Amino acid sequence: MQARIDLVADLGEGFGDWTMGDDASLLEIVSSANVACGFHGGDPRIMDATARACAERGIQIGAHPSFPDLVGFGRRAMDLTADEVRTDVLYQVGALSAFALANGTKVKHVAPHGRLGNLVAVRADYAKAVCDAVCSLDDSLIIVAQDGELADEARRRGLQVGIVGIVDRAYQADGTLVPRSQPGAVIHDLDTLVARAIRIATESTLEAVDGTVLQVQADSLLLHGDNAGAVATARAIRDGLTQAGVTIAPMADVLADKG
């Protein structure tokens, strides 16, 4: 069977007059978008404009909820209770859902951002909190996560799960990401990034920093948009995948193919 995979980028992460990334260009490359919901980036105007742009291009919209951490861009640990995580996620997904509806479309997936996204892979209480929020709002939403507690809890609840492979982040032998504070946590070499994307899409494997070969059954590949070379990198990855015979499709379509 020909490989099919979703390409997703984190979009709408500016705030007020401050702009993060070239969303317009990335929307010409990706098949899905994780849209910031105001807690690490984004505001009502940006959420509205991003939802509209996705709707116009047929890009699948996902909510990208975060810890309430605008200053730290959602990348700092915060000592929140599980119920605070539940209500914060519900608040953010609900807000983006309103903007999607106003623009003739709907939110299709939920992908926790930053430090929250890291913690839901290893903290069962946070994973349960995210699933509680999603189930109370719309149990047709796809949970997008790395392998770990959130993916496991979502499957137990009968929610659809899309596993994401993060092309530009180094992995540890246990399948978690190398912390950004450590050297080599973010991969910048373009040839390496393209090769990793193709390997994940066609072989479902990647190499951890210690040489361990990890199984990564990814339905989607994340392309970070918050750096100067993001668009060129995303375009090179898409071109590399296409040349390798991989079909790019929205995550909902990729999961539907799997039955």
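Is the crossing of H3 and H5 left-handed or right-handed? The crossing of H3 and H5 is right-handed; a crossing is called right-handed if the near helix is turned clockwise from the far one by less than a right angle, and left-handed if anticlockwise.

Before I go on, this is a predicted model, in which local features need pLDDT of at least 70, side-chain atom pairs count only at pLDDT 80 or more, and totals for chains, interfaces and linings use all residues. Residues are numbered from 1 along each chain as its sequence is written, and side-chain values use heavy atoms, with hydrogens and water left out.

Helices here are DSSP runs of H or I with at least four residues, numbered from the N terminus. Helix H3 covers residues 82–102, and its axis comes within 8 Å of that of H5, crossing at roughly 40°. Axes are lines fitted to C-alpha atoms, for helices over the stretch in contact, and angles run from 0 to 180 degrees between N-to-C directions.

On the H3 side, the residues in contact (heavy atoms within 4.5 Å) include Val85, Arg86 and Val89, and on the H5 side they include Tyr126, Ala129 and Val130. By class, the residues of this contact are 10 nonpolar, 3 polar and 3 charged. Nonpolar means Ala, Val, Leu, Ile, Met, Phe, Trp, Tyr, Cys and Pro; charged means Asp, Glu, Lys and Arg; the others, Gly among them, are polar.

Now the second pair. H5, residues 124–137, and H6, residues 149–156, have axes that come within 8 Å and cross at roughly 45°. H5 passes H6 in a right-handed crossing. H5 contributes Ala124, Ala127, Lys128, Val130 and Cys131, and H6 contributes Glu149, Leu150, Glu153 and Ala154. That contact has 6 nonpolar residues, no polar ones and 3 charged.

Which residues does Glu153 touch? Leaving out residues up to four places away in sequence, Glu153 touches Ala127, Lys128 and Cys131. Glu153 is buried, at 12% relative accessible area; buried means under 20%, exposed over 50%, and partly exposed in between, with a 1.4 Å probe and protein chains only.

Last, Val85 again. Beyond four places in sequence, Val85 touches Phe67, Leu80, Leu116, Tyr126, Ala129 and Val130.

Terms used. Helix = DSSP H or I, 4+ residues; strand = E, 2+ residues; numbered from the N terminus.
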